[in-house]
Amino acid sequence: MLSRIKDIAASLAPRLIEIRRHIHSHPELSGQEYQTAAYVAGVLSSCGLHVQELVGKTGVIGEFPGQGHDPRRLAIRTDMDALPIYERTGLEFASHKPGIMHACGHDVHTTIGLGTAMVLSQLGEALPGDVRFLFQPAEETAQGASWMIRDGAMQGVSAIFSVHVFPTIPGGSIGIRYGALTAAADDLELIITGESGHGARPHEAIDAIWIASQVITTLQQAISRTHNPLRPVVLSIGQIQGGRAPNVIADQVRMLGTVRSLHPETSASLPAWIEKIVAGICESFGARYEMHYRRGVPSVQNDPALTQIVEAAAQEAWGNDRIQVLLEPSLGAEDFALYLEHAPGTMFRLGVAYPDQPNYPLHHPQFHVNEAAIITGVVTMAYSVYKYWHPA
Ligand code: NI
């Protein structure tokens, strides 16, 4: 079966590169993936899949029916949105839309989803149960997964696979991670209110800027003293506003930040921990505060048995030299985590680096992809699907 999957994928290679380049040159921002969705729906229909459009606003579902004697349903999830970045790759198929770019490889993910559907439809052999392809919008804004789930995308789903490109892994290699792959990411807003006064007479005022600086410094120090260092927490204040004039003490400061963690118990404890510190400092110096803590996405926790299936599929397909078992998770975030609240799943990393030229990070205006990896991704995904239904 593996060699048949490889043969079909190889014969599809020119078409898949054409698809990827089309999507790359027509990027759309999160929640506005209308053309991409229509294009995806067209390709899925031409493969004979049952297609549902406008799921989760601009998402698409393609259903590949099985023989029906296995009640399980396997889902493959990919994302379709691009980023507000001016592309500077100089590629001939670079973005036609100034200021919008596929700089996170979602064009490649979409192509791998379509390629997997094409391979399965050409196998000429029905699988025991259904495979559902989810093409979600708005991953970059961490909204698309919840929109899809709200519209029933996970109904009846027993397991889910996904893939993300990675520019620090050689093109054509696969990164496998057991356990935590990405972090929980929450938003923090703090408003500290003191009392304005003359800059020359601080004792008559309550200096919100100075108190805010105490809050930031204490939070950063306390992280290292009160959290288990083997259970990472990152708190970054990325925006701060306050004050009106050099000689007027500021009465209010507003801070916005992101809070990242890997362990669910740690994530659960963070809002109360932060508030205790903020409240203590504000109280000491007579300031008031408001804190808004918004839960973002949880941590992606890869299921061991499903990760094992993908690892075994990749190993058989490409050999050990092209597998990297990743020892460290990332503190980035992925809304794939939300699907995992409904069914176990795993996401693998697909290497897209070139061996002989500079490679740029995700979200960089020169981010580019070694297109040879597309076939690696399609074969790995399609063979993982086969192995899910036919465990050795
Ligand atoms: Ni991404």
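Here are some questions and answers about this predicted model and the reasoning behind its labels.

Q: Why is glutamate 334 called buried?
A: Its relative accessibility is 4%.

Q: Where in the chain would you look for glutamate 334?
A: Look in the loop between strand E15 (323–325) and helix H8 (336–339).

Q: Which residues is glutamate 334 in contact with, leaving aside neighbours within four places in sequence?
A: They are Arg77, Asp79, Glu139, His164, Thr182, Val297, Pro298, Val300 and Met347.

Q: What makes glutamate 371 and arginine 20 a salt bridge?
A: Their side chains meet at 3.0 Å, N to O. A salt bridge needs a side-chain nitrogen of Lys or Arg within 4 Å of a carboxyl oxygen of Asp or Glu, so this pair qualifies.

Q: Why can we say that this pair ties together parts that are apart in sequence?
A: Glutamate 371 lies in the loop between E16 and H9, while arginine 20 is in helix H1 (residues 2–25), so the tied parts are 351 residues apart in sequence.

Q: How do you know whether glutamate 371 and arginine 20 are buried or exposed?
A: Glutamate 371 has a relative accessible area of 11%, and arginine 20 has 2% relative accessibility. Buried means under 20%, so glutamate 371 is buried and arginine 20 is too.

Q: What makes aspartate 335 and arginine 77 a salt bridge?
A: The N to O distance between their side chains is 2.8 Å. With a limit of 4 Å, the pair meets the definition. Aspartate 335 sits in the loop between E15 and H8 and arginine 77 in strand E3 (residues 73–79), 258 residues apart. Both aspartate 335 and arginine 77 are buried.

Q: How do lysine 387 and glutamate 316 pair, and which label does each one get, buried or partly exposed?
A: Their side chains meet in a salt bridge of 2.6 Å, N to O. Lysine 387 belongs to helix H9 and glutamate 316 to helix H7 (residues 304–318), 71 residues apart. Lysine 387, at 13% relative accessibility, counts as buried.

Q: How many salt bridges does a search of the whole structure find?
A: It finds 19 salt bridges.

Q: What makes the phi of alanine 142 worth a look?
A: Most residues other than glycine have a negative phi. Alanine 142 is not a glycine, yet it has a positive phi of about 55°. It is found in the loop between strand E4 (130–136) and helix H4 (144–150). Its relative accessible area is 36%, so alanine 142 is called partly exposed.

Q: Where does histidine 363 lie, and what is its phi?
A: Histidine 363 lies in the loop between strand E16 (345–353) and helix H9 (372–389). Its phi is positive, at about 75°. A relative accessible area of 38% makes histidine 363 partly exposed.

Q: Which domains does the assignment give, and how far apart are their centres?
A: The assignment gives domain 1 (2–182 + 300–389) and domain 2 (198–297). Their centres, taken over C-alpha atoms, are separated by 38 Å. The contact takes 12 residues from domain 1 and 5 residues from domain 2.

Q: What makes up the area buried between domain 1 and domain 2?
A: The area is about 680 Å², and carbon and sulfur atoms give 76% of it. Gln301, Leu331 and Ala333 supply 59% of the area that domain 1 buries against domain 2. Between the domains the count is 0 salt bridges, and 2 residue pairs are in polar contact.

Conventions: Residues numbered from 1 in each chain as written. Predicted model: local features only at pLDDT ≥ 70, side-chain atom pairs only at ≥ 80, totals over all residues. Heavy atoms only, no water. Helix = DSSP H or I, 4+ residues; strand = E, 2+ residues; numbered from the N terminus. Buried < 20%, exposed > 50% of the residue type's maximum accessible area, 1.4 Å probe, protein only. Contact = heavy atoms within 4.5 Å. Domains from an automatic or database assignment. Buried area = accessible area lost by both parts, 1.4 Å probe. Polar contact = N/O pair within 3.5 Å; in protein donor to acceptor, adjacent residues only side chain to side chain.
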